[in-house]
Amino acid sequence: MKFRSFLIVANILVGFHSTAQTWSGDVAQIFYDKCTKCHHSGGAAPNSLMTFNEVNAMAGLVYQCINQNEMPPWPPDNNYQQYLHDRSLTSAEKTTILNWLNNGLPEGNAASTPPPPVYTNNTFLGNGDLTVQIPTYMSKALTHDDYVCFSIPTNLTQNRTIKAVEVVPGNREIVHHALVYVDPTSAENTDTIGGNCASPSNATTKLVTGYTPGATPMILPSIDPLKLGIDVGPGSSIYLTMHYPMGSYGAYDSTKVIIHFYPVGTTGVRQISAGPLIADNNFNLPANQVTNLTAQFPGGSTGLPASYSVLSVFPHMHLLGKNIKAYAFKPNMDTVKFVNVPKWNFMWQDFYFFQHMQKVPNGYFLKGEATYDNTTNNLNNPHNPPQNVSSGFNTTDEMFLVYFHYMPYQNGDENYDLNQYVNASVGEYYNNITGDISVSPNPFNHGCDITLPKKFSADDHVYIYSASGELIRKLPCINGVQSLHWDGFNEQGKELGNGVFFVSARIQGELLSKKIMKLD
C-alpha cells in the first residue's frame, strides 16, 4: 500500500506528459526481452516476472531495481563495444517501464498481451558426448557467500575437440555463477572446506567458459566455413568453481556440465585458446587507498608477433574492484576496444562475446586498466578496518585478469557475423520437435506454414523466439484467417541460419507454442 501511494504521488508530479503505457501494449515485451531469461518459473532468479500479476506483486522492487540501474544486470558500457546477448535496457525501455509504474500499472486489454518466450527446465542442447556432475553439495552460505571447487575426471582415453558446453545448474535458485576449466594433468583438488575457493591453483588449468544467470550455452560455430573448437586430452579433468550466494545455506545443488565434441577425425577445426592474456599476479593494494593498476601483453616493446582474432572478453576482479577496461593499441594506430566496465560488480561477471570477431594486428599490445578501492567507502570491502591486500586466489584476496577467447587471424575473420554462425550451428543439437501448433515442413529450409487451431481475431499475436528467448519476428495475423507463413527472416529482414526456434501464440486468449527447426 505504501508503494501504491508513492506511485500515485509520482503520477501527479509527472503530470500528463507521460505516455499512457500498458502491460499488454508496451511493457510486457520489454520484460520478455530483458528480464524473463532469469525471471521465469524454474529460472535462475527467485521471482518469475512472466505475467502481469507476477510483476504487479513485485512492483515496488521492480521500480527500485530499474530506477537505480540494478537490473537487468549488464556491466559493460555499450557505447564502448557491442556484444551478443545484450541484457541492458535502452533509455526508452527504462522510461517506458518507469512511466507505466508511475501511472499505476495499467494492464490494458489482457487478451492482446503479446505471447511470451517459451522456456523449458531441460537443457538447451540435449544430451552431449560427456557429462560431468558435481556430487550433491549443501551450500554453507549463511552469513557469507560460499565459493567451492570440484575436480572431476573426464576418463577420456583420446584427444577430443569441444564444440559446445552447457552448464546445467542443479538448483538454479542458488547457483550464482560457475566457471568451467580443463585441467590437462588432473593436478587440481576438490575444495569445499573453507568457502573461499574461487580459482584454480595451477597455471596449466585453462578456462573454457562460464555460467551466469540468464547465460546461454557456449556454442561455437561448427559448420563450414567456420568450425571452431577446444581440445581436451586423455587423463584430463574438468574443474568447476562454484559460487553460492549468502542466504542459500542449507539448499542443495548438483550442477552438471554437458560437453559436445566433434566426431573423431573431423578436419578443418580451428583451435580456440582461452586464457588471461592481460594479467598482474604480483601487486599490493595498501589499506585506506584507491589504487590504479595497468597490465600489458606482451611485455617488452615489440608487440604481438602475429595477428589474432578475438571472440570474447572476460574481465575479472574481486571485491575491491571499482572499474576495469581492456583494449589493444599500437602507437599512432587505431585502438581495438574490448570492454569497459565503469562500475565493477563482483556479483555479475561473464564472457562477453562480440557481435563480430575483433582483429588485433601484429605489433599491437593488449592493455588493461583497473581501479581498486581499499577504503571504508567501498561497501564490499571484506575487511573492516581495511587491510593491505595482495593478489591471490581467495575471494578476500584480489585479482587483475582479463580473459579472452582467441585464435590466429585468418583473412576475413572480422566479417563473420557470430550470431548468424552460432544460430546456424544450433540445429546440430536438436532433434525433438514437439508442440500443438501445426508447422509444415518442420524442419524447414526457406520457409514454413504455421496453422493454429483457431482463426485469428484482432487481438491475436504469433511471435517467433529463439531457443534462448530472443524475439526474432512478429508475424502478421489477419482477422478470420487460421494460418500464416514465416519465411525464416528476422524483424530486420535478414534470413536466419540454421537453428531451433519457438512459435509462441496467443489466440483468443489461449497461449500455444511449438518448437521448430530451420535446416539448410
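Biologist: In which sense, left-handed or right-handed, does α2 pass α5?

Modeller: In this predicted model, α2 passes α5 in a left-handed crossing. The axes of helix α2, residues 23–34, and helix α5, residues 91–102, come within 10 Å and cross at roughly 125°.

Biologist: What do we call the orientation of α2 and α5 to each other, then?

Modeller: Angles over 145 degrees would count as roughly antiparallel and 65 to 115 as roughly perpendicular, and with a crossing angle of roughly 125° the helices α2 and α5 are therefore oblique to each other.

Biologist: Which residues make the contact?

Modeller: From α2 the contact is made by Trp23, Asp26, Val27, Ile30, Phe31 and Lys34, and from α5 by Glu93, Thr96, Ile97 and Trp100. Sorted by class, the contact of α2 with α5 has six nonpolar residues, one polar residue and three charged residues.

Biologist: Switching to cysteines, how many disulfides does the structure hold?

Modeller: The structure holds one disulfide, and this disulfide joins cysteine 149 to cysteine 197, with an S to S distance of 2.0 Å.

Biologist: Where in the chain are cysteine 149 and cysteine 197?

Modeller: The pair links distant parts of the chain, 48 residues apart: cysteine 149 is in strand β3, residues 146–153, whereas cysteine 197 is in the loop between β5, residues 177–183, and β6, residues 206–211.

Biologist: What about the handedness of that link, and are the two cysteines buried or exposed?

Modeller: The link of cysteine 149 and cysteine 197 is left-handed, with -105° about the S-S bond, and both cysteine 149 and cysteine 197 are buried.

Biologist: And cysteine 65, how far away is the nearest cysteine sulfur?

Modeller: The nearest cysteine sulfur to cysteine 65 is that of cysteine 35, 9.9 Å away, whereas a disulfide needs a pair of sulfur atoms within 2.5 Å, and cysteine 65 is in no disulfide. Cysteine 65 is also buried, with a relative accessible area of 13%.

Biologist: What is the story for cysteine 448?

Modeller: Cysteine 448 is in no disulfide either, and the nearest cysteine sulfur, that of cysteine 477, is 14 Å away. Cysteine 448 is buried, with a relative accessible area of 0%.

Biologist: Back to α4 for a moment, which residues are buried there?

Modeller: In helix α4, which covers residues 59–67, the residues Ala59, Val62, Tyr63, Cys65 and Ile66 are buried.

How values were computed:
Residues numbered from 1 in each chain as written. Predicted model: local features only at pLDDT ≥ 70, side-chain atom pairs only at ≥ 80, totals over all residues. Heavy atoms only, no water. Helix = DSSP H or I, 4+ residues; strand = E, 2+ residues; numbered from the N terminus. Buried < 20%, exposed > 50% of the residue type's maximum accessible area, 1.4 Å probe, protein only. Axes fitted to C-alpha atoms, helices over the stretch in contact; angles between N-to-C directions. Parallel < 35°, antiparallel > 145°, perpendicular 65-115°, else oblique. Left-handed = near helix turned anticlockwise from the far one by under 90°. Contact = heavy atoms within 4.5 Å. Nonpolar A, V, L, I, M, F, W, Y, C, P; charged D, E, K, R; others polar.
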